[in-house]
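Reader: I would like to go through this model from its cavities to its sheets. Can we keep it brisk?

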Amino acid sequence: MTPAALDVAGLTVRLGRTEVVKGVSLSVARGTIVGVVGPNGAGKTTLVDAVTGFVASSGSVAVAGRPAGHLRPHRRVALGVARTFQSLELFEDLTVGENLAVAAHGAGVRDGDPRPPAERAAWAAATAGVDDIVDAVPGQLAYGRRKQVALARALAAGPSVLLLDEPAAGLDGAGRRALVATVRSLADGGLAVVLVDHDVHLVFDVCDEVAVLDAGRVVAHGRPGEVRADPAVATAWLGAVTGSPAPGPKTAAAGPGRHAGTAAGTPAPALELSAMSTGWRGATSVHSVDLTVAEGELVALLGANGAGKTTTLLAVSGVLGVQSGSIRVLGEPAVAGADRMARRGVAHAPQDRGVLGGLTVAEQLRLAAGPGPEGRSAVASAIARLPALGPLLGRRGRLLSGGEQQQLSLGRAIASRPRLLLVDELSLGLAPDAVSHALGVLRAMADDGVAVLLVEQFASLALTVADRAYVLHRGRVALTGRASELAARPEALEAAYLGTAAGPA
């Protein structure tokens with residue numbers, strides 16, 4: 001029996017005390033594309049890192065029947081394993097052609113690909129569509145073309161197994177279609193491909209098999225149609241969405257902000273996005289978004305990985321510029337610069353937390369709150385809302401766990417006394433009871449008059465406390481409505497996240 005091109009069995013990765021990948025088994029035959037999808041923090045990139053030797057792991061990795069789990073990355077390349085990186089990792093001071101030559105010559109003359117390195121590099125350039133820019137340096141290229149160079153460099157090694165980590169991120173529709181055609185052609189030529197991407201629609205469309213990771217484990221694996229219909233898949237992204245919102249935390253009782261725009265009068269808009277488009281490196285990843293958040297209102301911004309949620313928050317907070325359309329914050333046009341927006345009353349608890357490793361929790365809270373009696377009062381208020389910070393006040397940021405860093409990130413935002421609070425992926429790294437408490441804190445802040453825009457991957461959590469919600473898909477608003485209405489239509493949410501058939505809200 002011919003062994004699979006790639007066999008992974010019981011693969012486990014520990015980072016510190018945390019198991020990030022837990023007993024994952026995966027088999028990829030030649031000529032097959034296997035997709036790996038899952039929510040933020042599921043362990044997808046760590047799985048790729050483990051297979052390619054960039055992190056230590058237990059379990060086994062075999063390439064065409066040959067054990068590879070004990071080998072360093074360059075030795076796995078020699079066996080036939082190549083990859084791309086989310087961050088591309090191109091050699092910026094080399095031309096495109098030189099990038100490919102490094103990969104081709106580094107791999108040498110391969111058992112599975114006997115072509116000379118120069119010939120293999122030329123084939124890779126043509127296959128990935130970069131043969132017209134071999135004399136350019138990566139810094140001169142648009143983001144989409146840089147992605148093509150990253151793919152070409154992986155191909156130049158002449159792999160039998162190709163692992164692609166977020167290859168569609170940042171690509172427009174034409175770029176995605178070209179990528180799909182290229183990957184399908186490579187598989188039809190006998191290459192084994194592992195495709196990790198946040199664009200679940202693309203993965204389900206192009207892959208022969210799909211594995212879904214959640215919290216480091218495979219929760220579903222099979223043909224795309226079977227996996228798409230598996231309830232565990234929707235739960236991995238949405239949580240347990242039922243016909244009505246689950247009861248919120250006790251601190252989240254209905255208050256004046258719960259029904260903005262009713263008989264009590266229409267609150268003033270704190271945030272208005274009008275046909276707003278934005279993105280990175282000249283590429284547009286958020287398209288013509290209309291969105292509002294009123295004073296005293298909690299609005300959830302939902303969607304699968306890569307839908308444009310974080311990019312939208314970065315535009316609102318002044319980190320990213322607006323390509324077209326407009327953003328108005330607290331009645332004034334938004335301005336470039338996170339510091340300038342912060343002085344206006346915008347606070348941002350980012351997805352990466354932004355914790356300062358050398359400062360204590362107390363110092364970081366004071367830095368956010370500012371000096372004087374008002375600052376001290378704001379710190380005390382933040383600790384009162386998030387009492388888990390109390391025992392941590394003397395601890396430096398670098399010594400905090402992921403969940404503790406998440407609490408500090410939210411605490412700093414609260415301590416800045418915001419009028420508009422942006423929170424990105426609140427649940428990431430928090431235990432369930434801490435998530436419930438933090439959601440209650442956001443609800444209470446909205447009821448106190450703060451405008452809150454909550455980005456949250458798990459719809460079931462956000463809809464318990466939100467007044468309204470928007471669901472993004474590929475940078476566009478796919479669904480919007482009151483939280484109670486959306487929670488009562490789980491099929492519509494699933495359609496926006498996973499691409500199943502459902503009517504508009």
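Reader: Which helices and which strand each supply at least two residues of the lining of the largest cavity?

Author: This is a predicted model, where local features need pLDDT of at least 70, side-chain atom pairs count only at pLDDT 80 or more, and totals for chains, interfaces and linings use all residues. Residues are numbered from 1 along each chain as its sequence is written, and side-chain values use heavy atoms, with hydrogens and water left out. Helices (H or I, at least four residues) and strands (E, at least two) are DSSP runs, numbered from the N terminus. The elements asked for are helix H7 (200-206), strand E19 (468-473) and helix H18 (490-498).

Reader: How much space lies in the largest cavity?

Author: On a 1 Å grid over the protein atoms alone, a cavity is a set of points where a 1.4 Å probe fits but cannot get out, and lining residues have an atom within 4 Å of a point. Grid points are joined across faces, edges and corners, and a volume is the space filled by probe spheres set on the points. The whole structure has 3 cavities of 30 Å³ or more. The largest holds about 90 Å³.

Reader: Which residues are closest to the centre of the largest cavity?

Author: Its lining has 6 nonpolar, 5 polar and 3 charged residues. Here Ala, Val, Leu, Ile, Met, Phe, Trp, Tyr, Cys and Pro count as nonpolar, Asp, Glu, Lys and Arg as charged, and the others, Gly among them, as polar. Of the 14 lining residues, the closest to the centre are His198, Asp199, Asn305, His473 and Arg474.

Reader: Which element gives the most to the lining of the second largest cavity?

Author: This cavity has a volume of about 50 Å³. Its lining includes Ala349, Gln406 and Asp424. Two elements give two or more residues, helix H14 (402-415) and strand E17 (420-424). With 3 residues, the most comes from H14.

Reader: Where in the protein is confidence lowest among the helices and strands, and where is it highest?

Author: The score is pLDDT, the predictor's confidence in each residue, from 0 to 100. The protein's mean is 87, and 90% of its residues reach 70 or more. Among the elements, the lowest mean is 76 in helix H9 (residues 231-238), and the highest is 97 in strand E18 (residues 451-455).

Reader: Why is one side of E6 and of E10 left without a neighbour in the sheet?

Author: Two strands pair if DSSP finds at least two bridges between them. This open sheet has 6 strands in the order E6-E7-E8-E3-E9-E10, with mixed pairing. Strand E6 (81-83) and strand E10 (217-222) stand at the edges, so each has a single partner strand.

Reader: What angle does helix H6 make with E3?

Author: Contact means heavy atoms within 4.5 Å. Axes are lines fitted to C-alpha atoms, for helices over the stretch in contact, and angles run from 0 to 180 degrees between N-to-C directions. Helix H6 (residues 173-188) packs on the sheet and touches strand E3 (33-37), E7 and E8; its angle to E3 is about 135°.

Reader: Which residue in E15 stands opposite valine 329?

Author: E15 belongs to an open sheet of 4 strands, ordered E12-E11-E14-E15 and antiparallel. Strand E14 (residues 324-329) is joined to E15 by 2 bridges. Opposite valine 329 stands glutamate 332.

Key:
On a 1 Å grid over the protein atoms alone, a cavity is a set of points where a 1.4 Å probe fits but cannot get out, and a pocket is an open set with protein on both sides within 12 Å along at least five of seven lines; lining residues have an atom within 4 Å of a point.
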